[in-house]
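Work through the exercises below with the model open. Try each task before you read its solution.

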Amino acid sequence: AEAIRNAIRETADYVADVLINEEGYSRCDYNITEGRWYDYEPPWHTGQAIYALTEAYRITGEQKYLDKAIEAGNWWVGLEIKDHPKLKGMIASLHGDHAGEVIVFATMSDGSAGLYRLCDITGDKRFGDVPTGAGDWMLRNMCLLDEGVCYDNVDPETGEVMTESSPFWPDKEEITLYDVARPNNEGSLFLDMYEYTGDEEYREAFLILCNSLVEKQGPEGMWMDFMPNFKEEGSVHPRFNLWYAESLIDGYELTGDRRYLEAAERTARTFARFQDSHGTIYYKNYLDGSRDRSSVTGSAVAFSGILWLRLRMHGVEGFDEHIELSKEWVLKNRYDRNHPDENLAGAVMNTRLRYKKGKLWLTQRDVGTTFGVRFLAAYYDDQFGDGLETRHEKH
């Protein structure tokens, strides 16, 4: 137990001391060759950092983690748009990397979960009110619930939802609905909104998206019709499908509908196949079983571990070995706390190698550590605490 608690402290120290910058948001991507940080969807990276810090605070009781989470939460709620005639109530959830300066649905919803946890702990209503206001704007303006999808992007200048074009597909001639809209259930945003407000409309929206996920899932447990999966080449993104599966477990805990649990299990079984014998999951995996080993994705090792733990809690068998592999992997694959580069010291490994701007970019990404903290906290609950709780016990 002590080894896990120490690892939680060490990784959470990195989140608090290194990842959250002076302005209160996550530094995101560290270019190892340049020794420079680059922003990448700061609202979701910061939201995940807040989530990790609230979990570390819950396990260790160390005030420093809560203080830093509040600092980051203040930055996050400061993104609320107050003066734009069309976007009032939304947050400026700009992507900032290859998609450019567009507002992205998932940049907000992947980050919002941490805010609701922070609201639970502190009782500070801003941390619930701001994401709920933004989520309500998204529900009114971006969701096609009849189709079970929500549009991905909004132009921050005009406030117009992008229904005909996508920065993710700049060269595509024929844009279909699934190129500009997805089930977008990451972060279980509408469920958090429902639990925060008691408004049944949000519960219904969440379950419509859960049903859509069940319906649009392929037999391999993935959602290949939607980027950042690439159907043509059969490649799978290392976290995208896990987010959808996580929302389905949330849906199961809300309703007891076994279709949700079974769909999440399909995703989790495929990720168990992606994990190699050392516990590693790489950035790019292919449905034919091959993998590109150039990028090591600690966040996928940890996030898969969270799903496997939650499925096991609901009686799904066959993941014990993978849970232990993930635990060993996260404990072993951390940069030494005395590493000479303090931008890396204490982080969980999560590398991304890309060819960009005429050169190789080797990046250490913050999400390895933030998901690593969440996984270690869940593992601690499961092994040494009172067991994992469902969402509803937590609230």
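**Exercise 1. The cores**

Which residues in the largest nonpolar core touch the most other members?

Solution. Remember that this is a predicted model. The largest nonpolar core has 120 residues. Within that core, F190 and L248 touch the most other members. Next, list the contacts of L248, leaving out residues up to four places away in sequence. They are C210, L213, V214, W223, Y260, A263 and A264. Then look for a second core. It is separate and has six residues, including V102, V104, W169 and M227. As background, nonpolar side chains tend to be buried together in soluble globular proteins.

**Exercise 2. A cis bond**

Find the place of P228, and say whether the peptide bond from M227 to P228 is cis or trans.

Solution. Start with omega. From M227 to P228 it is near 10°, and the bond is cis. Now place the residue. P228 sits in the loop between helix 8 (200-216) and strand 8 (235-236).

**Exercise 3. Positive phi**

Examine the phi values of N184 and S188. Is N184 buried or exposed?

Solution. First, the background: most residues other than glycine have a negative phi. Now N184. Its phi is near 45°, positive in a residue other than glycine. N184 lies in the loop between strand 7 (181-182) and helix 7 (189-197). The cut-off for buried is under 20% relative accessible area. N184 has 2%, so it counts as buried. Turn to S188. Its phi is about 50°, again positive, and S188 is not a glycine. S188 is also in the loop between strand 7 and helix 7. S188 has a relative accessible area of 2%, so it is buried.

**Exercise 4. Helix 1 and its cover**

Compare the reach of helix 1 with the expected value, then find what covers its buried residues.

Solution. Helix 1 spans residues 2-19, which is 18 residues. From first C-alpha to last it reaches 24 Å, close to the 26 Å expected at 1.5 Å a residue. Next, pick out its buried residues. Among them are I4, R5, I8, E10, Y14 and L19. Finally, check the cover. It includes strand 2 (36-38), helix 2 (42-60), helix 3 (63-77), helix 12 (320-332) and helix 13 (367-384).

**Exercise 5. A surface patch**

Which residues form a nonpolar patch on the surface with about 340 Å² of accessible area together?

Solution. The patch consists of L353, Y355 and L360. Take L353 as the test case. It belongs to strand 11 (residues 351-356). L353 has a relative accessible area of 34%, so it is partly exposed.

Methods
Residues numbered from 1 in each chain as written. Predicted model: local features only at pLDDT ≥ 70, side-chain atom pairs only at ≥ 80, totals over all residues. Heavy atoms only, no water. Helix = DSSP H or I, 4+ residues; strand = E, 2+ residues; numbered from the N terminus. Buried < 20%, exposed > 50% of the residue type's maximum accessible area, 1.4 Å probe, protein only. Expected span 1.5 Å × (residues − 1). Contact = heavy atoms within 4.5 Å. Patch = residues over 30% accessible without salt bridge, like charges linked within 9 Å, V, L, I, M, F, W, Y side chains within 5 Å. Areas by Shrake-Rupley, 256 points an atom, 1.4 Å probe, with all protein chains shown as cover. Salt bridge = Lys/Arg side-chain N within 4 Å of Asp/Glu carboxyl O. Core = buried A, V, L, I, M, F, W, Y, C linked by side-chain atoms within 4.5 Å.
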